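Morning, everyone. Let me put the model up, and then I'll walk through a few spots.

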Amino acid sequence: MQRTDNRLNGPSGDVAPEVMRRPRHPAQSGDRESLAMRDAGAQRLAHGLAWFSISLGLAQIVAPRLISRLVGGNGQYANLIRFYGFRELASGLMIFGQGHRPAAAVWSRVAGDAVDIATLAAAGASPRMKKGGVAWATAGVLGVTALDVYCARELSRERAGQNGIRMSRSVVVNRPPHELYAFWRTFENFPRFMYHVQSVRTTGPGVTHWVVNGPAGTTVEWDARITCDTPNERISWQTLEGADIESSGSVRFEPRPGNRGTIVRVDLEYRPPGGKAGKLAAMLFNESPEQQIYDDLHRFKQIVETGEIVRSDGSPEGIGDVRQRPGQPSGERAGAYGGTAASSAAPAD
Amino acid sequence: MKATCWHGKHDMRVEDVPDPVIMNQRDAIVRITSTAICGSDLHLYNGFIPTMKKGDIMGHEFMGEVVDVGPDVKNLKVGDRVVVPFAIACGNCLACEAKMYSLCENSNPNAWLAEKLMGHSPAGAFGYSHMLGGFAGGQAEYARVPFADFGALKVPAGMPDEQALFLSDVFPTGYMAAEMCDIAPGDTIAVWGCGPVGQFAIASAKMLGAERIIAIDRFADRLAMATTKAGATDTINYEDRDVFDALKELTGGVGPDACIDAVGMEAHAAHPALFAYDRFKQALMLESDRPIALREAIMACRNGGIVSVIGVYGGFIDKFPMGSFMNRSLTMKTGQCHVQRYMKPLLSRIESGEIDPSFIITHRMRLDEAAEGYRMFAKKQDDCLKVVLTP
């Protein structure tokens, strides 16, 4: 079915966004900053190694005989060297192709280094090679290997700040803040535009019980309490102690100047506690959580502005339907309005 | 029902598919009485628009009779005759309030796909790829019309289909192209491309008071229609004459006050080498569109003039003459037509007899023959300009 998500729970009480970016515990904050710096350093190193790979690879491809002489040979093994050149070039390009954390690509360099060392060792045994050249070349490769291993390990380390997933998204809705606030404050409305939320029930003053679809037909439940409720401006919430997924969130309604609707901003933060539930949470969020909030916010906009979630033959569930059937009637009545989880019931108001 | 389905480049098939049903409360189901093949359908036919899926029903110019309505459609009833705008619009969002209906913020469920390619998404449209919503089109026996309460326009009894049909797209589209030229008395307007949109741009430029309208194409039949039916005062066949020189000569050297590009992404050039340059880059995906007409329009336009781009572009172009555009204070206006804005006023012009849009029709075929219609239109066989299909 649709992608899972839980948006609603999460984020950060009722702190302003600038403040939100600061970690909650000062003790952690130093850690996080230094981790981020290490990340950036590893990335720079990876890019340096990539350029080195590309230059060496090109040299090996263009002038294999010269390389052969540099490592103590006599111009022999040109084809092998050229072949290794393509390998170098490929891992260099892979590092750039892999984005922010090219860990796999850098590990592939480590594997390449091992091949190089083995080749040099074999060459060293050959009477046709000058031992001195081979020794220098081997020393050089060992040095680069050390850098590669360091870089790959740094990149493979847990991502900085990984134990707190934070995200924010916004949408502009052509209605005044008080209407949007009223719709949002009626938590029972959530399943209409949050496809992963099965139900939200108010169980006490400011306390709600959530049932959310998890992966593979499972459900996750938790209780949340409202931590801040400023009519027509903001609602914040946080899960209660003992929830499977610890999270907090807020939604803010900012009127746009000139009577141009309202910006609805959602900020969410999740802190999977680890263990089984943490894994589950990670699974829930693996698939671009920001995209899920985007989908939910746009469904919210559609319901409030037009009274329904717009469906097409290609996307019968509306926004966020990733299946994309052909653009022709499916012949099913199911999936027609009213028939799905996110019912397109009457417009909000 | 029978429907014209896309199966790949140059592969259209009329097939049996399930009948549409009401999926949203503001839907209507229309039994189609007339539908047309649009020049922009040829971009799909020629495989230049991404995110098409095998089985997609084509067609965004259609009209017919309402046979079912959703519970929230209060202004239409079963039996009403309606013409349906190609762009789907809710009428409630900020874009719709600003009458920018082809930018409706709610009608494209696949907006995220369009955002990847274009930054922000335009409105959804019938039968025009999944990037624009994955809506089934109207070259079929029936179609589901979302937001029917806002978009569908009732056609007066007694007005033949062939007069009303083009309110769905090409007439308003040509009109908007002319309107974007801010025509003042005495103006000279040059129109690249004399397909249906170009013909209506010429006719509309005349209605809006242009003094001189220069039609540019390479097909004698289209140029003839431009002068005899649409109202062009001059023609340039770009295979015979250099367009830039001819326009300078016709305007005493200053160039046209406004230039309309009614060609778009699959332009041709007089010189085989010029065409080959862009076609080659297009084939290699180095650019997605061939902006040959657009470049000419920019270079030819008078200083301080307007370039009105109504021909469809899909992605990226190359060698955009930005220097000419900037240094000569040109203005470019463009957009998919905001059809709903123009339907009623243009319907009155048809009713008053000021224009009869059916002049563009060259071929009438049965829906069964849609594949043949596409082929003829694409190859411009038998002077084919506009094919109308009846189920």
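First, a term: two strands pair if DSSP finds at least two bridges between them. Strands (E, at least two residues) and helices (H or I, at least four) are DSSP runs, numbered from the N terminus. Now the ground rules. This is a predicted model, where local features need pLDDT of at least 70, side-chain atom pairs count only at pLDDT 80 or more, and totals for chains, interfaces and linings use all residues. Residues are numbered from 1 along each chain as its sequence is written, while chains are lettered from A and ligands numbered from 1 in the order in which they are written.

Start with strand S7 of chain B, residues 142–145. Its partner is strand S3 of chain B, residues 28–37; the two run antiparallel, with 4 bridges. In that pairing, B:Arg31 sits opposite B:Tyr142. Is S7(B) covered on one face or both? Both: B:Tyr142 and B:Arg144 are buried on one side, B:Ala143 and B:Val145 on the other. Buried means 20 or more other C-beta atoms within 10 Å of the residue's own, with C-beta atoms placed from the backbone.

Next, the open sheet in chain B. It has 6 strands with parallel pairing, in the order S11-S10-S9-S12-S13-S14. The edges are S11 (234–237) and S14 (331–334), each pairing on one side only. Twist averages 20° from one strand to the next. At the S11 end, S10(B), residues 212–217, runs parallel to S11(B) through 4 bridges. There, B:Ile214 stands opposite B:Asp234.

Now two helices. H6(B) covers residues 170–179, and H7(B) covers 196–207. How do they pack? At an angle of about 55°, axes 7 Å apart. The axes are lines fitted to C-alpha atoms over the stretch in contact, and angles run from 0 to 180 degrees between N-to-C directions. Contact here means C-beta atoms, placed from the backbone, within 7 Å. By class, this contact has 11 nonpolar, 4 polar and no charged residues. Nonpolar is Ala, Val, Leu, Ile, Met, Phe, Trp, Tyr, Cys and Pro; charged is Asp, Glu, Lys and Arg; the others, Gly among them, are polar.

Last, the interface. 36 residues of chain B contact 32 residues of chain A.

Definitions and conventions: Buried ≥ 20, exposed ≤ 12 C-beta atoms within 10 Å, placed from the backbone. Contact = placed C-beta atoms within 7 Å.
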